[in-house]
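The following note gathers remarks on helix packing, aromatic pairs and individual residues. Please read it alongside the sequence and the coordinates.

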Amino acid sequence: MDRAEIEAELDQVEADFTHLLGGARSSDLSRRGSGTRWTNRQLLYHLVFGYLIVRTLLPLVRLLGRLGHSRGFATLLNACWRPFHVVNYVGSWAGGQMLPPTATVKLMRRT
């Protein structure tokens with residue numbers, strides 16, 4: 001993997017995300033997404049939430065990989081899919097409800 005390519009892609013994701021939220025009207029954000037129970041605002045927060053989860057788990061995954069426990073960790077994650085889905089849904093729903101779009105953009109930039 002080329003670190004510069006990854007960083008460039010992440011910069012592009014941040015720019016696209018900022019553009020999406022910056023150009024969205026309040027009515028666009030409060031409209032329900034297609035085929036989901038979430039609003040567009042909650043779906044956009046869900047994207048940021050995914051980056052937060054990956055950023056948090058990445059050091060743990062690296063450590064467990066070095067210790068030879070990556071398969072065990074993967075098995076544990078697979079076994080915990082129900083609680084993960086609950087946290088994923090509730091976290092994204094709550095974040096999308098509570099954080100204003102400007103704060104969501106700032107969170108994406110920091111992540």
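**Notes on the predicted model**

1. Helices α3 and α6 run roughly parallel to each other, because their axes cross at roughly 25° and angles under 35 degrees count as roughly parallel, over 145 as roughly antiparallel, 65 to 115 as roughly perpendicular and the rest as oblique. The two axes, of α3 and of α6 (residues 101-110), come within 10 Å. Axes here are lines fitted to C-alpha atoms, for helices over the stretch in contact, with angles running from 0 to 180 degrees between N-to-C directions. Helices (H or I, at least four residues) are DSSP runs, numbered from the N terminus. The crossing of α3 and α6 is left-handed, a term used if the near helix is turned anticlockwise from the far one by less than a right angle.

2. As to provenance, this is a predicted model in which local features need pLDDT of at least 70 and side-chain atom pairs count only at pLDDT 80 or more, while totals for chains, interfaces and linings use all residues. Residues are numbered from 1 along each chain as its sequence is written, and side-chain values use heavy atoms, with hydrogens and water left out.

3. Which residues form the contact of α3 with α6? From α3 come R41, Y45, V48, Y51, L52 and R55, which meet P101, T104, L107, M108 and R110 of α6; contact means heavy atoms within 4.5 Å. By class, 7 of these residues are nonpolar, 1 is polar and 3 are charged. In this scheme Ala, Val, Leu, Ile, Met, Phe, Trp, Tyr, Cys and Pro count as nonpolar, Asp, Glu, Lys and Arg as charged, and the others, Gly among them, as polar.

4. Helix α3 (residues 40-66) also packs with α1 (residues 3-23): their axes come within 11 Å and cross at roughly 155°. That angle makes α1 roughly antiparallel to α3. The crossing of α1 and α3 is left-handed. The residues in contact are L10, V13, F17, L20 and L21 of α1 and L44, L47, V48 and Y51 of α3. This contact comprises 9 nonpolar residues, with no polar and no charged ones.

5. The whole structure holds 2 aromatic pairs, defined for rings of Phe, Tyr and Trp (its six-membered ring) with centres within 6.5 Å; planes under 30 degrees apart count as stacked, over 60 as edge-to-face and the rest as tilted. The rings of W38 and Y89 are stacked, since their centres are 5.5 Å apart and their planes lie at 20°. W38 belongs to the loop between α2 (26-30) and α3, and Y89 to helix α5, so the pair ties together parts that are 51 residues apart in sequence. W38 is buried at 8% relative accessible area, whereas Y89 is partly exposed at 29%; buried means under 20%, exposed over 50%, and partly exposed in between (1.4 Å probe, protein chains only).

6. Y45 and F49 form a stacked pair, 6.0 Å centre to centre with 25° between the planes. Being 4 residues apart in helix α3, Y45 and F49 are separated by about one helical turn. Both Y45 and F49 are buried.

7. Q42 of helix α3 has 1% relative accessibility and, not counting residues up to four places away in sequence, touches R37, S92, W93, G96 and Q97. N88, in helix α5 (residues 81-98), is buried at 16%. Leaving aside neighbours within four places in sequence, N88 is in contact with W38, H46 and F49.

Notes: Helix = DSSP H or I, 4+ residues; strand = E, 2+ residues; numbered from the N terminus.
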